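Trainee: Could you help me learn to read a protein structure? I would like to see each idea at work in a real case.

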Amino acid sequence: MPKKSKRHHPLTFTPFARSMAMTSCKKAKQDIKEINLQIEDSPSSSVNRLLNNGKDKTKQSESSDSEDLEGVVQADFAFFDPKNSDFHGVKVLLQTYLDNKQWGLSGFVDLILGQPTVGTVVKIEDDEDEGVYSVVSALNLGRYTDSKCIIELKDYLLKVCRDMDIIPQLKSLIGERAKDVGLIVSQRVVNLPPQLLPPLYDSLFDEVNWATEDEPTEELRSSFRFKFYLIISKIYKHKNAVGDKGTTKNGDENVIYIKPEDELFLEFCSWSFSFPLHAQQVTTDELKNYRPMGLVMAIEASKISIFRQQMHSLIDE
């Protein structure tokens, strides 16, 4: 059963996303796995179409032909607690989380699935295959400091950070202050309806608050009293960009945000840095002048309430 009320949305799918919608992550073969990764990393214009295409279209018949699939496909998305059977679907979504680094991803997924009280996976309700379309969680870096995957993640961040002013702050946050830091893990297919994002993040931060009161031991309750959040994400930066805001001389955006919430996190963060990515990325005409970049941000927990407000305003516009 879903842990929260479902959200019913019409979907406008790209060809890749239609393949994703019709195919289970759990049964995916290699070619479908590659499609999943492309959807996740590509700033598809379908996100904007979803925002603008209305929210109350009539449900179409399941017998719609292929031409109908080019338009609107109905799906009932529901939020669920993570469970062990979600392992493959979550791992597929996270395959390029640390670019092309070979690291303990399976162990990282185990941490996420082993923390059901704080974390959510999004699936299509009553889908027998239970394909995972999104995962969001917050892991305490201090609580898992001895986990091999977290050690490797920290080493990776220190390796890719080239900003000499940021390195001391990064070392502090993932070192002596790690017990106060929640690593926000948020990955999804890009065609997930953006209307789901505010309740998805509301769910995450509400669960964090509840965990500080409801977890069975003081140690666990304290582990969710975050003072900072750390976010690892991805953007596309124009090859001629000067800075991260505004446009180039040709009028192109300096930065394309794959996830709309990243622009808000960046606005409220205490510090951030970006770095080149090397894993194979989706290339489209709209991205021919852009290069994929990793983006790391640190945000004070006190800023989350305004982030949540702004997130609702952004999607409801």
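Predicted model: local features only at pLDDT ≥ 70, side-chain atom pairs only at ≥ 80, totals over all residues.

Trainee: Is cysteine 161 buried or exposed, then?

Mentor: Buried means under 20% relative accessible area, so cysteine 161, at 2%, is buried. Cysteine 149 is buried too, with a value of 4%.

Trainee: Which residues does glycine 182 touch?

Mentor: Leaving out residues up to four places away in sequence, glycine 182 touches Leu139, Phe226, Phe228, Tyr229 and Leu230. Leucine 139 is 43 residues from glycine 182 along the chain, yet their C-alpha atoms are separated by 5.2 Å.

Trainee: And how do I describe two packed helices?

Mentor: You give the angle between their axes and the distance between the axes. Here, helix H9 (residues 197-214) packs with helix H12 (residues 304-316) at about 160 degrees, and their axes are 9 Å apart. Angles over 145 degrees count as roughly antiparallel, so H9 is roughly antiparallel to H12. The crossing of H9 past H12 is left-handed.

Trainee: What classes of residues make up the contact of H9 with H12?

Mentor: The contact has eight nonpolar, two polar and three charged residues. Among them, Leu197 and Tyr201 belong to H9, while Phe307 and Met311 belong to H12.

Terms used. Residues numbered from 1 in each chain as written. Heavy atoms only, no water. Contact = heavy atoms within 4.5 Å. Buried < 20%, exposed > 50% of the residue type's maximum accessible area, 1.4 Å probe, protein only. Axes fitted to C-alpha atoms, helices over the stretch in contact; angles between N-to-C directions. Helix = DSSP H or I, 4+ residues; strand = E, 2+ residues; numbered from the N terminus. Parallel < 35°, antiparallel > 145°, perpendicular 65-115°, else oblique. Left-handed = near helix turned anticlockwise from the far one by under 90°. Nonpolar A, V, L, I, M, F, W, Y, C, P; charged D, E, K, R; others polar.
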